[in-house]
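Hi,

Here is the structure we talked about handing over. Please have it open while you read; my notes follow below.

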2 protein chains.
Amino acid sequence: MIKFLKYNWQVRDEWFDWCEQLTLEELLKTRVGGVGSILYTLFHIIDVEYSWVRGIQGKGDLVIHFENYKTPEKLKSLSDEFRKDINDFLETNLDDLKGKVVTVPWDDEAYTADEIVHHIVAHEIHHIGQLSIWSRELGLKPPSANFIGRNIT
Amino acid sequence: MIKFLKYNWQVRDEWFDWCEQLTLEELLKTRVGGVGSILYTLFHIIDVEYSWVRGIQGKGDLVIHFENYKTPEKLKSLSDEFRKDINDFLETNLDDLKGKVVTVPWDDEAYTADEIVHHIVAHEIHHIGQLSIWSRELGLKPPSANFIGRNIT
């Protein structure tokens, strides 16, 4: 699963680079479907990933305010910061934790850590698929979503 | 990985159900981004998945013509037929085959079976994300993409 997370992080960084060709207004514009704007989608991906990983760690939920991260640069810094934590934690612990039953404050159900990591992975890929449509609607080529042909380290 | 494939198949079936509320004209209409139409996206997902699995099996590529499957019903039958093969094969063999190096006629590179299965999984989730935007653009609620909260068997 860590390979999938690393794939997602690589693709996410390519989307941060892709953002550079757009104005902040375009990045924050409300679009049809998904969670709204391009930048809010990236924020949402980062927020959801980190919240669930903290859930697996048994840590309390951290409320992050989009208001404080409304540029690609600020969001990329947040993404880098969280990613380091997540990578260190999951690379060391995920195999042992797979069966751990996790409950979180924002969901009534309990899930295993393994289910949650599957959820995180699918969640990001799904939202990136949405960004790719908005990209084409803007007349722009989206970053590739191919898993193969990448050097995932 | 088989859990991810089963998730994809469950979501795909929900999209086939979702298709029932649209006319064939809407389903075949060329849209911006992705691979074109809603129905062609579903065909493409099925085609790519089966082609790569046949590649892992060392079988030759099977050319499937979209012309023969241009209704949700025909496409769903194709999906069901292939899925049975894929599930039987991967459930039995994937663990042993992960490191197998695979070459296919449509790609110059060689990949491990494990990379290919990752690719198949991400490929479908990405395209489903695209469908979800088109769904909202049509004023329709898309099927959920959540991995958690499903009964995946």
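Which residue in β2(A) does Val101(A) stand opposite? Val101(A) faces Thr112(A).

Some ground rules. This is a predicted model, where local features need pLDDT of at least 70, side-chain atom pairs count only at pLDDT 80 or more, and totals for chains, interfaces and linings use all residues. Residues are numbered from 1 along each chain as its sequence is written, chains are lettered from A and ligands numbered from 1 in the order in which they are written, and side-chain values use heavy atoms, with hydrogens and water left out.

**The hairpin in chain A**

Helices (H or I, at least four residues) and strands (E, at least two) are DSSP runs, numbered from the N terminus. Strands β1 (residues 101-104) and β2 (residues 107-112) of chain A run antiparallel, joined by four bridges. Two strands pair if DSSP finds at least two bridges between them. Two residues sit between β1(A) and β2(A), and the strands form a hairpin. Thr103(A) has Ala110(A) as its bridge partner in β2(A).

In a regular strand, side chains alternate between the two faces of the sheet. β1(A) does this: Val102(A) and Val104(A) point to one face and are buried. Buried means under 20% relative accessible area, exposed over 50%, and partly exposed in between (1.4 Å probe, protein chains only).

**Helix α3 in chain B**

α3 of chain B covers residues 38-57, 20 residues in total. The expected span of a helix is 1.5 Å times one less than its number of residues. Of its 20 residues, 18 are buried. At the start of α3(B), a side-chain oxygen of Ser37(B) comes to within 3.0 Å of the backbone nitrogen of Tyr40(B). Gly58(B) follows the helix, with a positive phi near 75 degrees.

**Aromatic pairs**

Over all chains, the structure holds 20 aromatic pairs. Rings of Phe, Tyr and Trp (its six-membered ring) pair if their centres lie within 6.5 Å; planes under 30 degrees apart count as stacked, over 60 as edge-to-face and the rest as tilted. Phe43(A) and Phe66(A) are one such pair: their ring centres are 5.1 Å apart and their planes are at 45 degrees, so the pair is tilted. It links distant parts of the chain, with Phe43(A) in helix α3 of chain A and Phe66(A) in the loop between α3 and α4, 23 residues apart. Both Phe43(A) and Phe66(A) are buried.

Trp52(B) and Tyr111(B) make an edge-to-face pair, 6.0 Å centre to centre with 70 degrees between the planes. Trp52(B) is in helix α3 of chain B and Tyr111(B) is in strand β2 (residues 110-112) of chain B, 59 residues apart. Trp52(B) is buried at 4% relative accessibility. Tyr111(B) is buried too, with a relative accessible area of 7%.

Ring pairs also link Phe4(A), Tyr7(A), Phe147(A), Phe4(B), Tyr7(B) and Phe147(B) into a cluster.

**Val104(B)**

Val104(B) lies in the loop between β1 (101-103) and β2 of chain B. At 8% relative accessibility, Val104(B) is buried. Contact means heavy atoms within 4.5 Å. Not counting residues up to four places away in sequence, Val104(B) touches Trp52(B) and Gly55(B).

**Where the two chains meet**

How are the copies related? A rotation of 180 degrees, with 0.0 Å of shift along its axis, superposes chain A on chain B (RMSD 0.0 Å). That is the relation of a two-fold axis. Copies are superposed by least squares on the C-alpha atoms of residues with pLDDT of at least 70 in both. Of the interface residues of chain A, 100% are also interface residues in chain B, so the copies meet through the same surface.

Gln130(B) is in helix α5 (residues 113-137) of chain B. Gln130(B) is buried, at 4% relative accessibility. Its side chain makes a polar contact with the side chain of Ser132(A), at 2.7 Å. A polar contact is a pair of N or O atoms within 3.5 Å; within protein, one must be able to donate a hydrogen and the other to accept it, and residues adjacent in sequence count only if both atoms are side-chain atoms.

Best wishes
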